[in-house]
Amino acid sequence: NDEDFDFRGTSRKEYENEFYKRVCSEIIDGYLYLGGDLVAKDAEVFENIGITHVINCAADYSDDYHKDKGVIYKSYHLKDHVAEDIACCFYDAIKFMSDCRSQGGKLYVHCVQGISRSATICIAYMILTEGITYNEGHKRVKDRRACANPNLKFIQQLMWFEKRLQDQNFLSLTTVNPRIFNLMAIKTTILRESSACLLYTSPSP
């Protein structure tokens, strides 16, 4: 389709992906940011935003660039591949994200391009902490970062994660993993802090 290409023959998707390599996308206002390796290297961006924590989803490719400056890292050696079990990181990543938020920090989640692995982690966080569906989470991330596009296997794992947490028929057939008590405590803390912010936080100047 001619509408999918610019005058030089470059697909719009390729152009979009190239553009977003240099963009730090704010997913949750004042807290959660998503992007790629180029932004992960940029000390000036980190300083301007006030990034305190980083989830590095592509540790085989990206270093923990600002660890010596006091930035706190959680790094995963994940591949953007249909054989990758990214869901095994969900609980650990969400705990790290929740700790960052409770401390008033700002979190940058990245992979190489900020398209698949890092977007998946952000969506998983919202599915658990906000009780939303995969489709709702995907739309919210996509609205803030148009190139976000988890691979099909990651989508399947996110939808399964949603079902495990929210489908009552599914829950009635399974035993409760002890980790769920810790996760529910995280969710309760976040909701309590959010309510407190609404009551006591003054608007930004």
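Visitor: Is Asp 37 buried or exposed?

Guide: Buried means under 20% relative accessible area, exposed over 50%, and partly exposed in between, with a 1.4 Å probe and protein chains only. Asp 37 has 4% relative accessibility and therefore counts as buried. This is a predicted model, in which local features need pLDDT of at least 70 and side-chain atom pairs count only at pLDDT 80 or more, while totals for chains, interfaces and linings use all residues. Residues are numbered from 1 along each chain as its sequence is written, and side-chain values use heavy atoms, with hydrogens and water left out.

Visitor: Where does Asp 37 lie, and which residues is it in contact with?

Guide: Helices (H or I, at least four residues) and strands (E, at least two) are DSSP runs, numbered from the N terminus. Asp 37 belongs to helix H2, residues 37–41. Contact means heavy atoms within 4.5 Å. Neighbours within four places in sequence aside, Asp 37 is in contact with Tyr 61, Ser 62, Tyr 65, His 110, Cys 111 and Val 112.

Visitor: In what order do the strands of the sheet stand?

Guide: Two strands pair if DSSP finds at least two bridges between them. Five strands form an open sheet of mixed pairing, in the order E1-E2-E5-E3-E4. E1 (25–28) and E4 (72–75) are at the edges with a single partner strand each, so one side of each lacks a neighbour in the sheet. E1 and E2 (residues 32–35) run antiparallel, joined by three bridges; Ile 28 has Leu 32 in E2 as its bridge partner.

Visitor: What are the bridge partners of Asn 56?

Guide: Asn 56 stands opposite Ser 75 in E4, and its bridge partner in E5 is His 110. E3 pairs with E4 in the parallel sense over four bridges, and four bridges also join E3 to E5, again parallel. Both faces of E3 are covered: His 53 and Ile 55 are buried on one side, Val 54 and Asn 56 on the other.

Visitor: How is the packing of two helices described?

Guide: The description uses the angle between the axes and the distance between them. Axes are lines fitted to C-alpha atoms, for helices over the stretch in contact, and angles run from 0 to 180 degrees between N-to-C directions. H5 and H6 (residues 134–144) pack at about 130°, their axes 9 Å apart. Angles under 35 degrees count as roughly parallel, over 145 as roughly antiparallel, 65 to 115 as roughly perpendicular and the rest as oblique. H5 and H6 are therefore oblique to each other.
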